[in-house]
Amino acid sequence: MGVVVINGTRYEGNNEPKNVSAENGEWYESISDAIAAGNDEITLGDGTFTMPDNLQGGAVIEGNGENTVLNMEDKVCSYYNNVTFRNLAMNVGTGNYKGLQHSSNIAYDNCVINGVMWLYTTSTFTNCTFNI
C-alpha cells in the first residue's frame, strides 16, 4: 500500500491512542493496525508505541531518533520476518527470553536498544547503541 506516517503517542497503561494518524488521511490506533491495512513502510513521530505481537509480511519501521520509542518491555514478539527498524529507540526490559522469537532477517539501523534483547533470528546492527 505504501508509506504511512503515524504521528503521536500511546498513553502508558490504558493504551488509549493520542494523535495517531496516517499521512494519507487514514487513522490507525497502532502499528499493528497500519500493517494490517497493507502498509509496509511506517514512519513514526515522537512518542511511545507498542510493538506488534508479530509481523510476518515484512516492513520498514522508521522513527525520529530517540524521541520515537518502541516499547516491548517484558514482551515476546514472534514471527518478525524481513523487518528493518531505523532511527528509533527500543525499550526491551531485562527479563529472560524477551525479544524477537521465531523471526528472520531483522535489521537495526541507527537504533538505541535499552535493555537486554534475546534474539532468535539472523540480525544485523548498523550504528546502534546498546544500553544494558
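Predicted model: local features only at pLDDT ≥ 70, side-chain atom pairs only at ≥ 80, totals over all residues.

Residues are numbered from 1 along each chain as its sequence is written, and side-chain values use heavy atoms, with hydrogens and water left out.

Overall make-up, then. The protein has one helix and 14 strands. Those are DSSP runs, H or I of at least four residues for helices and E of at least two for strands, numbered from the N terminus. Of its 132 residues, 45% count as buried. Buried means under 20% relative accessible area, exposed means over 50%, and partly exposed is in between, with a 1.4 Å probe and protein chains only.

Now the strands. Strand E8, residues 76-93, runs parallel to strand E10, residues 104-109, and five bridges join them. Two strands pair if DSSP finds at least two bridges between them. Within this pairing, Phe 85 has Tyr 108 in E10 as its bridge partner. E10 also runs parallel to strand E13, residues 123-126, with four bridges. There, Ile 106 stands opposite Ser 123 in E13.

E10 also holds Asn 105. Most residues other than glycine have a negative phi. Asn 105 is not a glycine, yet its phi is positive, about 55 degrees. Asn 127 also has a positive phi of about 55 degrees, and Asn 127 sits in the loop between E13 and E14. Asn 105 is partly exposed at 45% relative accessible area, while Asn 127 is exposed at 62%.

Next, the charged pairs. How many salt bridges does a search of the whole structure find? It finds two. A salt bridge here is a side-chain nitrogen of Lys or Arg within 4 Å of a carboxyl oxygen of Asp or Glu. Arg 86 forms one with Glu 62, with the closest N and O atoms 3.6 Å apart. That pair links distant parts of the chain, since Arg 86 is in strand E8 and Glu 62 is in strand E7 (residues 59-71), 24 residues apart. Asp 109 forms a salt bridge with Arg 86, also with closest N and O atoms 3.6 Å apart. Here the link is between strand E10 and strand E8, across 23 residues. Arg 86 is partly exposed at 28%, Glu 62 at 27% and Asp 109 at 26%.

On to the cysteines. Cys 111 is buried, with 1% relative accessible area.

Last, the surface. Leu 119, Phe 125, Phe 130 and Ile 132 make a nonpolar patch of about 420 Å². Patches are made of residues with over 30% relative accessible area and no salt bridge, joining like charges within 9 Å and nonpolar side chains (Val, Leu, Ile, Met, Phe, Trp, Tyr) within 5 Å. Areas come from the Shrake-Rupley method with a 1.4 Å probe, and for residues only the protein chains shown count as cover. Phe 130 lies in strand E14, residues 129-131, and counts as partly exposed because its relative accessibility is 45%.
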